[in-house]
Amino acid sequence: MAKVMIMEHPLIQHKIGWIRKSDTGSRDFREMVGEIAMLMCYEATRNLELEDIEIETPICATTVKGLKGKKLAVVPILRAGLGMVDGMLAMIPAAKVGHIGLYRDPKTLEPVEYYCKLPEDCSEREVFVVDPMLATGGSAVAAIQMLKDKGVRNIHFLCIIAAPEGLEAMKAAHPDVDIYIGALDEKLNDHGYIVPGLGDAGDRIFGTK
């Protein structure tokens, strides 16, 4: 059974509080989303395997630790997930980046695929799927299923804010996927938005309406 981790780090909680504010502008919102993603990536990569590497320091030879040949990939769910990519890459710069394009039908609230481009060797990589919001869970569930259909087996999901409904949908559909959450909110409203949430993350990142 995969784990669910709600991150209570003070810096993460402080920055989430700022992006919730309706008067936080797009520039500050984008920067803080990236910073939150970087802090969450630190926690989500805690269990990466290490190996001993022999090196030369300016003083002498020594043995240090390095990542054990691990291939990583970051896959944002478009478009809001793009806001988390730079923060992730700041921590794991060698990771490749794929993209999955889904939008939520405003009437059915079901995800509709419009784009998918992944690294050729994605099935050999440990993949971190990122999306700021986990509302109904439809998009995340569909995106992860797309990855599994392409042979990816080692998958983690990171979101900044989640609704209980979306979390339960993810756990039911993908019990093998670790889930990392910045804050677990109260509920979804009648329009499928997270309460208290922060509004539409994509609009706030890109300054659109």
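Lys171 and Glu168 sit three residues apart in helix H5 (residues 164-173), so about one helical turn separates them. Helices here are DSSP runs of H or I, at least four residues, and strands are runs of E, at least two, numbered from the N terminus. Quick housekeeping: this is a predicted model, where local features need pLDDT of at least 70, side-chain atom pairs count only at pLDDT 80 or more, and totals for chains, interfaces and linings use all residues. Residues are numbered from 1 along each chain as its sequence is written, and side-chain values use heavy atoms, with hydrogens and water left out.

By salt bridge I mean a side-chain nitrogen of Lys or Arg within 4 Å of a carboxyl oxygen of Asp or Glu. That rule gives twelve of them.

Next, Glu124 bridges to Lys71, closest N and O atoms 3.4 Å apart. Glu124 is in the loop between strands E7 (111-117) and E8 (126-130), and Lys71 in the loop between E3 (61-67) and E4 (72-78), so the pair ties together parts 53 residues apart in sequence.

Then there's Arg125 with Asp121, at 2.8 Å between the closest N and O atoms. Are those two buried or exposed? Both are buried, meaning under 20% relative accessible area, with exposed being over 50% and partly exposed in between (1.4 Å probe, protein chains only). Glu124, at 55%, counts as exposed.
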